[in-house]
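Hello,

Here is the structure I promised to pass on. Please take a look, then read my notes below.

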Amino acid sequence: IGVGADALGMANAVVAQTNNVNSGYWNPAGLIGVNKWLDVGLMHAEFFAGIAKYDYLGLAHRIDDRSSLGFSVLRFAVDDIPNTTQLIDNLGNIDYDRITTFTAADYAFLLSYARKTKIEGLNVGGNFKVIYRQIGDFAKSYGFGLDAGAQYHIKNKWKFGLVARDVTSTFNAWSFSFTDREKEALYLSQNEIPVRSTEMTAPRLSLGGCYRFVINDKINLQPEANLDLTFDGKRNTLIASKAVSIDPRVGLEAGYKGMLFVRAGINNFQRALADADTLNQKKVWIYQPGLGVGFKVKNVEVDYAFTNLANQSNPLYTHIFSLKLNLTKNTGYNSPY
């Protein structure tokens, strides 16, 4: 889904220009842009009329003039799901008082590190991440993965970024726990009783390029284009093959005096059936739009995005707000951004 309303408003096209606490998620090399002792990022979003809740907390610390450290926590969950496996008592009677609730939640913990290299303008970074998933008392899983990223900037005009996500593949191993009563309920409802399973997240490569246009001393524009490459088979993307599928993203940010920002972008291009022509199976291109604004005063930045979980054919739009804070005084280290 992503983090930060600033990035979501640009349709996630930020691999090259990200330079704040949220870089731990988008491109860990961008953490070099943090020039405060501690940067904090916060975001809360709700989807499907508030059924699913998405929360994010990010922390970033400038260690010295050549390195930065970051830590991120993400949670996506559906709470208060009814558990009806105990609905019928031992005598076969329906007892609604026996209904309890549980939560299905995904957690991600990212430890990020970024460092300037001896090559002017080149920064590198990486993530070590732990994935924890839980479905009530029934199931849980643990997983581990690695990301690697780099950014190269030329005279604060051209910016290029590269991120290799899950470079070693990220494995999640599931374990399950059911009572005899729950197993019986699953069997009678013709549901499979799982024992154990493993999920794998295949490697993914993201490339980005950005150019900063200075219109005058008050206004600048930063368009960025990203390519998201996957290698796990043919997908429904703009460019698709068995060897590699490519999903492009484009975004634009217009800034005024470094205080006011307006953003827009599109991504997630897919071929889908035209709503009015399903009989002839005619397909059209659809996409996922994003819009956003941001406002920064001293050490506080508030961002807003209006975007979608899918594409413009599916009305799952939501309002997203995020906050970035610089809690302490400047470190004295200059940001390369």
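**Strand pairing and one buried aspartate**

In the pairing with strand 6, Arg133 has Ser141 as its bridge partner. Keep in mind that this is a predicted model.

That bridge belongs to a longer list. Strand 5 and strand 6 (residues 139-154) are antiparallel and share 14 bridges. They form a hairpin with three residues between the strands. Gly136 has a positive phi there, near 50 degrees.

Strand 5 also pairs on another side of the sequence. Strand 4 (residues 100-116) runs antiparallel to strand 5 (residues 122-135), and 13 bridges join the two. One of the residues involved is Arg115, whose bridge partner in strand 5 is Val124.

Now to a single residue. Asp147 sits in strand 6. Is Asp147 buried or exposed? Its relative accessibility is 7%, so Asp147 counts as buried; the cut-off for buried is under 20%.

What does the side chain of Asp147 make a polar contact with? The partner is the side chain of Lys129, at 3.0 Å. Lys129 is also on the list of residues that Asp147 touches, leaving aside those up to four places away in sequence.

Then go to Asp147 and its contact with Lys129.

Best wishes

Terms used
Residues numbered from 1 in each chain as written. Predicted model: local features only at pLDDT ≥ 70, side-chain atom pairs only at ≥ 80, totals over all residues. Heavy atoms only, no water. Pairing = 2+ DSSP bridges. Helix = DSSP H or I, 4+ residues; strand = E, 2+ residues; numbered from the N terminus. Buried < 20%, exposed > 50% of the residue type's maximum accessible area, 1.4 Å probe, protein only. Polar contact = N/O pair within 3.5 Å; in protein donor to acceptor, adjacent residues only side chain to side chain. Contact = heavy atoms within 4.5 Å.
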